[in-house]
Amino acid sequence: MTQRKFDFESQYQGLKQKIADLTEESQLRNIDLSDEIAMLENKMKKIREAKYLNLSPWERVLLSRHPDRPGAVQYIERLCSEWIELHGDRLFGDDQAIIAALGLFHGQPVTLLGHRKGKNTADNLRYNFGMPHPEGYRKVVRLLQQAEKFGRPVLTFIDTPGAFPGIGAEERGQALAISQALMTLAGLKVPVISVVTGEGGSGGALALAVANRILMLSNSVFAVTSPESCSSILFKDPNRVEEMAAASKITANDLLHLGIADEVIEEPVGGANEEFEATACLLEESLQRNLRELQEMSPEQLVEDRYTKLRSIGMVAEKS
Amino acid sequence: MLKDVLKTKYHEINIVHEEGKPRQEISSPRICSKCSAPLSEQELIQNYRVCHHCGHHYTLGAWERISLLADEETFREFDSDQVSFNRLDFPEYDAKLERARQESGLPEALVTGTAYIDGYQVVLGVMDSRFMMASMGAVVGEKICRAADRAVELKWPLIIVVASGGARMQEGMVSLLQMAKTSAVIQRLHQAGILYISILTNPTTGGVLASFASLADLMIAEPGALVGFAGPRVIEQTIKHKLPENFQRSEFLLQHGMLDLVVERSRLKEKLSLLLKMHGGKYDTTQV
C-alpha cells in the first residue's frame with residue numbers, strides 16, 4: 001500500500017517515547033540521566049537530518065500537503081508589519097479560497113494574493129480546501145490591475161490542489177477566468193514574485209504564478225497533474241504515485257533545473273511546518289533581494305523579463 | 001494539388017484502419033451514434049463528417065478542416081519541422097508519440113500556416129484530436145506562439161480551430177507553462193490590434209481552454225461540442241451526483257454567456273468570411 005500520509009515521524013516515535021520516559025524517571029527519582037537523554041536526542045536528530053536530506057519526490061508531495069504547513073496567511077502576517085484583507089470580484093462573490101490583501105513589506109506597499117487552505121475541517125470547508133472558483137481568479141485580476149495602477153509590486157503565494165471542478169465553476173467560466181489571470185499577469189507593468197509554499201496544482205496554481213521570479217520552498221511541489229491523477233489516468237493504476245511523482249519532475253530542484261523555478265529556499269530540518277520562523281527568515285531575505293532587483297527595472301523591462309522567460313520554456317530544437 | 005495531399009493522408013490513415021487497429025479512427029461508424037441512421041463514408045466525407053440526418057458533428061481531421069475553411073490551394077504550412085521529444089524521459093511517452101504520428105499521419109497535434117478564406121488572408125491553426133487528444137506540450141505551445149507572431153508580423157487575423165484534452169502530462173511542468181506562454185503571446189497580439197477568432201470543437205477542455213482558446217476576440221463553437229475546464233467525470237466524482245444532460249456542451253456555454261456563436265460546420269466558412277469582412281480584412285482579388 002502506498003503511503004498516503006506524511007508519517008515518517010512515526011519511525012522514531014519509539015525514540016521520542018524513550019526520551020520522554022527517561023526525562024520523567026530522572027525527575028521522579030531525582031537521578032541524573034542527562035547523558036543517556038542527550039545520546040538519544042542526538043541519535044534522533046541524526047535520523048531526522050538524514051531523512052530530511054533525502055526526501056523522495058513523493059515524500060515531498062506529502063509534506064507539501066501537510067496540514068501543519070504554513071500558507072499565505074501565516075507568511076503575510078509574518079512578512080508584513082501591517083496588512084489588510086480585501087474582498088470580492090465585483091461580479092459575483094468573494095472566493096474564500098483566495099486571500100487578497102494590501103500590506104507593508106519593509107515599508108513598501110505590496111499587493112498580496114494567495115491560495116488559502118484550512119487547518120481543520122470547518123476551515124477547510126469554508127476555504128473549499130484551497131480550490132478556487134472563477135470569482136477567486138476574477139478577484140485576482142481586479143487586484144492585479146489595481147496594483148498596476150498604483151505601481152505596487154505583487155507577491156503571490158501558491159498552495160492549491162487545483163481550481164475547483166464543479167457545476168457552478170463551469171457555469172461561471174472557470175477556464176475563462178484562469179486564462180484572464182494568466183494574460184493579466186503576463187502583461188503587468190509592476191514586479192511580480194511568486195512563492196510556491198505548498199502544493200502547486202495545475203492551472204489553478206499557475207493562474208497566480210506568471211511571475212518575474214518564482215521562488216520555491218524546498219519541500220513544495222508544482223505539477224501539471226497530481227501524481228495520483230497521473231497514475232490513474234495514464235496507467236489506470238492508482239499505485240504508481242511514487243514513480244509518477246519522480247517522473248513528472250515536480251520538486252523545487254527539478255523545476256530549478258528545468259528553468260521554471262528561479263530560486264529554491266532550503267527549508268531547515270523539520271520543514272516549514274516545524275520550522276516556520278527559520279523558513280520565513282530565509283524567504284524574507286530572498287523576497288527583499290529579488291524585489292530590490294526588480295524595482296530597478298522599468299515597467300517595459302519587467303514585462304519583457306517575464307515574456308522572455310516564458311518564451312524560452314519548452315523551446316524545441318529545429319529538425320535538421 | 002492540395003486535394004491530392006489530402007487523399008494521400010487519408011489513404012494512409014485508412015490503411016491503419018484496415019489493419020484492424022483503429023484506436024482513434026477518423027473512419028466513420030456505419031450508423032450514426034446519435035440517431036442510428038445509416039452512414040456511408042462517402043456521404044460523410046462530402047458532408048465534412050456531419051450526419052446528414054441529425055446534424056451530429058463527428059471529429060474532423062486537421063487537413064479535412066483546412067480544406068473546409070481555406071480556399072483551394074492557398075494553405076501554406078509553416079513550422080511542420082517542430083517535433084516533440086521525450087524531454088523528461090517519461091515512461092511510455094516515446095511509444096505514444098510514435099503511435100500518434102502513425103495513426104494521425106501528422107507530426108504533431110497542431111497544423112499551422114497561412115491561408116485565404118474567401119480571399120481574406122489569415123494565419124490558420126488547426127488542432128487534431130487524433131494526436132494524443134491534441135494535448136498541449138511544448139511543440140503545440142510553441143507553434144501557437146509562432147502562429148500568433150506571424151499574424152502580428154503580417155497584420156493578418158489569427159484563426160485557431162481548437163480541440164484538446166488539456167495539457168500533455170508526459171511533459172510535466174513544461175507543458176503547464178505553455179498555458180502562460182501562449183497567454184502572454186496572445187496579450188501582445190491584442191496590443192497589436194490583430195483580430196483573433198477561436199473555433200472550439202469537440203472536445204476543448206483543460207489547460208488549452210484555460211489559456212489561448214478563451215482569450216480570443218470572438219469565440220465560436222461547433223454544435224454539441226464538449227467545452228469545459230474540468231472533465232465531466234472529475235466533476236461527477238467531486239460533487240457526487242449526475243450532471244445535467246447538456247452540461248458543458250456548446251449550447252450550455254452559449255446560454256451562460258461564454259461564447260459569441262454556435263455555428264454549424266456547413267456554415268462555418270461563410271460566417272468566418274463575414275466576420276473577416278467586418279474587420280476590414282484585405283481582399284486580394286488575384287486570389288479569387
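## Strand pairing, core and chain contact

W83(A) has G103(A) as its bridge partner in β2(A). The model is predicted.

**The strands of chain A**

Strand β1 (residues 82-86) of chain A pairs with β2(A) in the antiparallel sense. Five bridges hold this pairing. On to the next partner: β2(A) also runs antiparallel to strand β3 (residues 108-115) of chain A, with eight bridges between them. One position in this second pairing is F105(A), which stands opposite Q108(A) in β3(A).

| Strand pair in chain A | Sense | Bridges |
|---|---|---|
| β1(A) and β2(A) | antiparallel | five bridges |
| β2(A) and β3(A) | antiparallel | eight bridges |

β2(A) and β3(A) make a hairpin, with two residues between the strands. H106(A) sits in the turn and has a positive phi of about 50°. How well covered is strand β2 (residues 98-105) of chain A? Mostly: six of its eight residues are buried.

**A loop residue in chain A**

H66(A) lies in the loop between α3 (57-64) and α4 (72-79) of chain A. Is H66(A) buried, exposed or partly exposed? H66(A) counts as partly exposed because 17 other C-beta atoms lie within 10 Å, while a buried residue needs 20 or more and an exposed one has 12 or fewer. K119(A) is 53 residues away from H66(A) along the chain, yet their C-alpha atoms are separated by 9.5 Å.

Chain B has ten helices and eight strands. Of its 288 residues, 49% count as buried. Among contacts in chain B with a separation of 6 or more, 69% join residues 24 or more positions apart.

The largest nonpolar core has 160 residues. Which members touch the most others? They are L182(A), M216(A), L158(B) and M173(B). Helix α6 (residues 172-191) of chain B gives the most to this core, with ten residues.

L182(A) has contacts in both chains. Beyond its neighbours within four places in sequence, L182(A) is in contact with L206(A), A207(A) and V210(A) in chain A. In chain B, L182(A) is in contact with M179(B), A180(B), S183(B) and S211(B).

**Where the chains meet**

The contact takes 44 residues from chain B and 42 residues from chain A. On the chain B side, α5 (138-154), α6, α7 (206-209) and α8 (232-239) each supply at least two residues. The largest share, 14 residues, comes from α6(B). By class, the side of chain B that touches chain A has 27 nonpolar, 14 polar and three charged residues.

Terms used. Residues are numbered from 1 along each chain as its sequence is written. Chains are lettered from A and ligands numbered from 1 in the order in which they are written. This is a predicted model: local features need pLDDT of at least 70, side-chain atom pairs count only at pLDDT 80 or more; totals for chains, interfaces and linings use all residues. Helices (H or I, at least four residues) and strands (E, at least two) are DSSP runs, numbered from the N terminus. Two residues are in contact if their C-beta atoms, placed from the backbone, lie within 7 Å. A nonpolar core is a set of buried Ala, Val, Leu, Ile, Met, Phe, Trp, Tyr and Cys residues joined through C-beta atoms within 7 Å. Ala, Val, Leu, Ile, Met, Phe, Trp, Tyr, Cys and Pro count as nonpolar, Asp, Glu, Lys and Arg as charged, and the others, Gly among them, as polar. Two strands pair if DSSP finds at least two bridges between them.
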